[in-house]
Amino acid sequence: MTKHRVSQINRRGMLGLLLGGAAQVGLAQSALAEGLVASPLPKPRPADLYRKSIPSAEALIEASKLSGQVSFAVADSATGEVYESHAPLLRLPPASVAKTVTSLYALEHLGAEYRFTTRVLRSGPVVNGVVQGDLILVGGGDPTLDTDGLATLAGKLVAQGVTGVSGRLLIDDTALPRIAQIDTEQTEYAGYNPTVSGLNLNYNRVHFEWKRQGEGYSLKMDARAERFAPDVQVARVKVAARNLPVFDHVAGQGRDEWTVAQSALGNGGARWLPVRLPGLYAAEVFQAVARAQGLRLPQGQRKSGAGEEVARIESAPLSVIVRDMLKYSTNLTAEVLGLTTSRARGVAAGSLAASAASMSDWARQRFGMRHIALVDHSGLGGASEVTAVDMVHMLGAAGVEATLAPLMKPVLLRDGQGNVVKNHPVSVHAKTGTLDFVSGLAGYVDAPGGQRMAFATFAADLPKRRAAKAAGVAERPQGARTFNTRAKKLQQALIERWAGVYG
C-alpha cells in the first residue's frame, strides 16, 4: 500500500469517527492499527521508587551541619527487630529522656495507683479548739504539693474545730534525704534545679515579681497557686548595683537571701527562683493559709515528732504524676520518684547519684541496658550516659509500650518554616531532652498504614559543652541554641525517613 493510500484511509477513518458511522469506525481502527508501533500509556514505575528517593540517614546527618556526635536506633516496637542505626553504642547524655527510665522504675515498683500523702499529727488532745501539745506537718515527698493543697489541709483542721496550738508547729521532712541541688553545674538561680526534700512545695520554687517604682523597684516574693498566694519571708531579695551575676544567693540564718543585678530588671517582670530551705518554706506557707482560715499557728521548726493523725491529703495517682512529668519535664518530680522508688526497694540511697546507680543496675537487669550509667533521675546532670540501642531495647521490651506510650506527649512535626503541620500522616509520642549542646528524643512513631516503631536519637557536642562549663557561662552559651535547633530538625528528618522507608 502506497503512502498516499494510507494517508487517504487515515483521513477517511478519522472523519468516520467524528460522524459516528460504524463502517468508517471499523475501517479507521484497522488502518490506525497498522501505524501504531508503541503503547501511548506511560510505563509503570518501580514499586519502591519512592523509598529509593528518600535521603539516607548519613546524608541527613551531614546536611544537618551538627557539630559533635549523633547516635540513633529504630526498631519494630512489637518484634524488637532493629531496622536501622547509626553509632548505636555511642554513650551520650540522655538529658530529660532519662525520665522515661525513671517512669518505668517508679511504675513497676510503686504501682500506677500509688499516691503520696501529706499528713498532720497532734501530740495531745484538743481542748476548747486548742491542741494541747504540738502539731506536726509530715511530708511524704509529694512533688506536686502546692499552696492550695496546704490550704486544704489547714481547712480540714478548721473543720474539726481546731483554732490554735499550745505547743510547737513541727515540720517533718525526713521522708526523703535533703539534697541541696539536683546538679551543681547548673546556675544556682535556675528554677528547674531546686532543693529536694521529703516536704516539697510549689516544686520548691518561690515567685519573684518586680516593678519599677520611681528611681527604685517594688519587690515581691510569694508562694502563689490558683487560690492562695501568701507573701513569704523565708526567701528575700534585694537589688544590687551590678551587672553580673544576675542573681546571687547567700544562705542566711533561717532564710534564703537573694540579690539581683539592677541592670537586669528593666521596667518589671517575674520569674520563679529555687527554694533552698523547703521545710521552713512549707512551714511559713502553712502558717499563712491556716491563719487565713482562722487557725493560728506558731512559727514552724524542722523536727520530727509523733502523734495521732488528724488530717491528710493525697496526691493524684502515680500514673497521672508520670504523665505530667513527661509532658512538662519537671526535674523535681523525677528525683522524688527515683528516690522514693529506691527506698521502697530497700536501697539506702542518701544521694541522687547512689539512687540513680541503683536505678541503672535495675535497668541493666530488667531490660538488658548494658551501657546505662545515670547520675540522677531527671537527666539534668550532663555526666549521665546511655546508648540509643539500649533505649530502644527498653522501649520495645514486653509490656513497656502499653505502659509508657499512653503517658508520653505527642511531638508535633513542622514544616520548613517551623509551623506545625496539621493532620500530618506520621504520629510521634516521645520524650524530649535538652541541655546545652545536648539534644535527645526517644519514643514511638506511627507510620501511615499503622506500623509502629520504637526509636531513640541523641546528639551532643561534649567538647563545646565542657568548654562552656569551664568558662563559667551562666546563661545559655553561644552556639547552644543553634545546636539545639539543628538537632531538632535532624530528629524530624530521621523520623520522616523511617516512616517512609519502613512504614
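The protein in this predicted model exposes about 23300 Å², with carbon and sulfur atoms supplying 52% of that area. Of its 503 residues, 49% count as buried. The secondary structure comes to 14 helices and 20 strands. Among contacts with a separation of 6 or more, 66% link residues 24 or more positions apart.

Here is a short tour, topic by topic.

**The six-stranded sheet**

- Six strands form an open sheet in the order S2-S1-S20-S19-S18-S17, and the pairing is antiparallel.
- Strand S2 (82-86) and strand S17 (409-410) stand at the edges with a single partner strand each, so one side of each has no neighbour in the sheet.
- Helix H14 (residues 480-502) packs on this sheet and touches strand S1 (69-76), S2, S18, strand S19 (438-446) and strand S20 (452-460).
- The direction of H14 makes about 155 degrees with that of S20.

**Nonpolar cores**

- The largest nonpolar core holds 57 residues, and Met-391 and Leu-395 are the ones that touch the most other members.
- Helix H5 (residues 98-110) gives this core its largest share, 7 residues.
- Leaving aside residues up to four places away in sequence, Leu-395 touches Val-400, Glu-401, Leu-404, Met-408, Ala-442, Gly-443, Tyr-444, Ala-454 and Phe-455.

**Backbone details to check in the viewer**

- Leu-244 and Pro-245 are joined by a cis peptide bond, with omega at about -5 degrees.
- Pro-245 sits in the loop between strand S11 (235-240) and strand S12 (247-251).
- Two residues other than glycine, Lys-65 and Ala-95, have a positive phi.
- For Lys-65, phi is near 60 degrees, and the residue lies in the loop between helix H4 (57-64) and S1.
- Lys-65 has a relative accessible area of 63%, so Lys-65 counts as exposed, the cut-off being over 50%.
- For Ala-95, phi is near 50 degrees, and the residue lies in the loop between S2 and H5.
- Ala-95 has a relative accessible area of 0%, so Ala-95 counts as buried, the cut-off being under 20%.

Methods
Residues numbered from 1 in each chain as written. Predicted model: local features only at pLDDT ≥ 70, side-chain atom pairs only at ≥ 80, totals over all residues. Heavy atoms only, no water. Helix = DSSP H or I, 4+ residues; strand = E, 2+ residues; numbered from the N terminus. Buried < 20%, exposed > 50% of the residue type's maximum accessible area, 1.4 Å probe, protein only. Contact = heavy atoms within 4.5 Å. Areas by Shrake-Rupley, 256 points an atom, 1.4 Å probe, with all protein chains shown as cover. Pairing = 2+ DSSP bridges. Axes fitted to C-alpha atoms, helices over the stretch in contact; angles between N-to-C directions. Core = buried A, V, L, I, M, F, W, Y, C linked by side-chain atoms within 4.5 Å.
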